[in-house]
Amino acid sequence: MLEVKNLKTQIDTSEGIVQAVDGVSFTVRAGETLGIVGESGSGKSVLANSIMQLNPNPPTFYPEGEILFEGSNLLKLSEKQLRKIRGNEIGMIFQDPMSSLNPVFKVGAQLVEAILTHQKMSRKNAKARAIELLKDVGIPDAESRMDDYPHHFSGGMRQRVLIAIALAGNPKLLIADEPTTALDVTIQAQILELMKGIQEKYGTAIILISHDLGVISQMAEKVLVMYSGRIVEKGSVNDIFYRTSMPYTWSLLRSLPRLDGVAHERLISIEGQPPNLVSPPKGCNFHPRCPFATEKCLEIDPELMPRKEGHWVACILTEQEFEAEKERLESADREGVL
Amino acid sequence: MSEALLEIRDLHMHFPIKGGVFQKTKKHVKAVNGVDLSVNKGETLGIVGESGCGKSTLARTIVGLQKPTSGDILFEGKSILHYSHKEMHQLRRNIQMVYQDPYTSLNPRMKAGDIIGAPLKAYRMTNDLERRVKELMDLVGLKADDYHKLPHQFSGGQRQRIGIARAIALNPKLLILDEPVSALDVSVQAQVINLLEDLQKELNLTYVFIAHDLSVIKHIADKVGVMYLGKVMEISDSESFYNDASHPYTNALLSAIPLPDPEKEKMRKRIVLSGELPSPANPPTGCVFHTRCPFAQENCKTNTPLLEAKDGNDGHLVSCFYPINTEKKQLILE
Amino acid sequence: MFKKKRNLISASLLLLFTVATITASWWLPVLPSEMDSAKRLIGPSADHWFGTDHFGRDILAQTVVAARVSLVVGLSVALISTVLGTITGLIAGYYKRADFVIMRIIDGMLAFPSLLLALALVAALGGSVSNIIIALSFSFWPVMTRIVRSAVLQINSIQYVEAAKTSGIGDLVILFRYVLPNVLSPIIVQGTFIFAKAILAEAALSFLGVGVEPSTPTWGNMLQEAQIYISIAPWFSIFPGIAIVITVLTLNILGDGLRDSFDPHAKGKVNRKKGRLKKQINVA
């Protein structure tokens, strides 16, 4: 349904041109959930905004690539055509539920407005539909809450309203950019449940962007791991979590404090800091922090290559080399702990 | 060994809400509403809770940024609430704080070295100041040539290291850590947690570690307390806490955290709490959690449970009339 | 600070005015006080570029020399009210108890229009350059106090101030090393605006006849003398008027430019907000 091919997004900053998204390709099929995971600065949000071209332009440019949505290239469409697709075909949910609603209008009015921009119907019908949507996203007393202002709603409730607005046009694809990061865990659990329920009910495809590997593992079927603007590993959720083949993903999974881990166990950290995107390191972007790095990694910038059916990895190590080195590092850690 | 360094007794911190033409006090936000805690020397107490549970207010009250409404705080057995200005100044050397946001907790116009050296200057420990600062920088894993850099030249993780160096500069006994890793990138969190553990061993520090993330707490705390609406719901040594959590709220929190393990995630049953956090200005009567508790009974609406030892285990206190035992847990999760 | 063209141009223009008026006696062809009764109220010509006044004095020379008083008054008022306002603003913003007292006084003063207040003060003190400076400083510092106070209140809630307190650092050090450096930019910007406002106010006071003694050439005095001749000798009013406009405009542009360059986020913030707004609309 959605196919992104070799997308590049550049941002012109005062310090130079930043390759925020650097040659990214992936597909999303109807009804599935794609998780995009990465740290801040990995380009995951810029990527999400690129799909609907919500990055301010300038300073953002799209010099290369295609974004095919049901066959048409979104990068070639006029602003008017894009506006039709936004909301109608593709809905978006953002991280910050506080600032994404207009504080001076009633929630109901904003929702009705959203419905009327996408569908031709009478105001009365739109209102009925709005109440239905609010019920759908689990807001109690939907009728009376239509007349409330955003500040009457808690963070979790606002996120529900935003989901309702995103659903107003019956979109086929929902892009959720860190939808639960600003929320407490118990509320996060509610919102994730809600998103799953909506997917089951309407068959909406979801692109879920998060820095939280837990959220991704709970929600996604396919996963992209991003590091400094590139996809470094891509595959099914089981590929990524159980058959990890890229040093970054492996190190990241290992460094997580885990609820199912042993109490007081020492964490195995990734050394160093995420790279500066204005002047990325030579060779592989991850090599300065990579425990597997060899001389060759300084020179060769690995491309994302298929390793197994549907499992792609950007690393010069072969599967055997990676497994052997992993074995060695893991046993070294065990000794270190003892 | 088990000597309490910090003891908090029935602490209340209420903030007035003013309103109307004459700015009369209408109501009070009961941010901290009767908290009892104690932390032993060399121990780490983790305090967990969602936003609005009062954990940050508790931290600010311990370091003396606010005077509590009532209750008592004892440091090394002495009540600190009636300390004079001078005594308070001396006490501050022993209780230091690390903040959540590495971007707003450092003065943007001061060099890293000056930031770390500022507490030393405040206590006139200026002999060999630069050497001492460089020693501290080394201790937290900063390079000596970072001395003259400004905060914006550092990454988030490095800034947090500066904040930690500042906090340990005076050789404090107690460190209050207010969400020290929650603003950091996942790949940097582990570095900072490990650093904190190393420092604790090396400098014999006692930590109060405030977080919203139970998995981070699991790696660092010896004792864990859960707060909800200004009250402690459950407090226990870490092992008993994670293996045998009894309060419905604790169980809901634990089950809400997604695991980075897709197969386990599919198998897992959750206790998804309904509803939202009530306003701390208007807490529910009886047990404050009853409005969202899946196991609440009539009794819970009117009577307030006390924080009591669970099954005679003094190390595990629960504030609930109907704590979840192992069999009940089986029933819920099956 | 002067990276931006606009700031550089307005600052150098200001410098040019200052140098020109200080060195006036060396380069002006005629003395400003030189009267020539044969050449009264003559329009602009090759001899007298800006024309002459009712005593036959050269208006160009007068306008240039009058800048001295205006700039001295403007700068002194800006400096005095900035220093006073900064000190009271810091105290009010940092100490809750002092805040109540200081702000009630400031509110009281702000209840009078500043020009009216200055007018009353000058009327009581008598018109001289120093009295005008005192009167204007007194009526402008409350504004500065308010601005500094609100900036301090913002900084106060930022964690590094709290961190300094918990580190046992004394109040004075916190005020001058942690708070003041981070509120300097609004202070400097507001100071520039006060500079401009003071020049206008001085001209207005002199024009109303309660300013500097009429014998001293100031733009306000010139305008006051020129008003009866406006229909027969408009240049007499126009040139000092233009001088005021240019000086005040330059200062305002400088102030605006400084505000932008002090706050690199200001632009980005606006853009980001717009971006978000756009997002909202698009989503809707």
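Between chain B and chain A there are 3 salt bridges, a salt bridge being a side-chain nitrogen of Lys or Arg within 4 Å of a carboxyl oxygen of Asp or Glu. One of these joins the side chains of A:D260 and B:K264, at 2.8 Å from N to O. The model is predicted: local features need pLDDT of at least 70 and side-chain atom pairs count only at pLDDT 80 or more, while totals for chains, interfaces and linings use all residues. Side-chain values use heavy atoms, with hydrogens and water left out, residues are numbered from 1 along each chain as its sequence is written, and chains are lettered from A and ligands numbered from 1 in the order in which they are written.

**Interface between chain B and chain A**

- Polar contacts link 20 residue pairs across the interface, both residues at pLDDT 80 or more; such a contact is a pair of N or O atoms within 3.5 Å, where, within protein, one must be able to donate a hydrogen and the other to accept it, and residues adjacent in sequence count only if both atoms are side-chain atoms.
- On the chain B side, α6(B) gives the largest share, 10 residues, where helices (H or I, at least four residues) and strands (E, at least two) are DSSP runs numbered from the N terminus.
- The side of chain B that touches chain A comprises 19 nonpolar, 13 polar and 14 charged residues; Ala, Val, Leu, Ile, Met, Phe, Trp, Tyr, Cys and Pro count as nonpolar, Asp, Glu, Lys and Arg as charged, and the others, Gly among them, as polar.
- Contact (heavy atoms within 4.5 Å) involves 46 residues from chain B and 47 residues from chain A.

**Sheet of chain B**

- Chain B holds an open sheet of 4 strands in the order β2-β1-β4-β5, with antiparallel pairing; two strands pair if DSSP finds at least two bridges between them.
- Its edge strands are β2 (24–40) and β5 (78–79) of chain B, each pairing on one side only.
- Strand β1 (residues 4–19) of chain B pairs with β2(B) in the antiparallel sense over 13 bridges, and B:P16 stands opposite B:H28 in β2(B).

**Salt bridges over the whole structure**

- Over all chains, 40 salt bridges are found.
- Within chain A, A:D136 forms a salt bridge with A:K201, with the closest N and O atoms 2.7 Å apart.
- This pair links distant parts of the chain, 65 residues apart: A:D136 lies in helix α4 (residues 123–136) and A:K201 in helix α7 (residues 185–202) of chain A.
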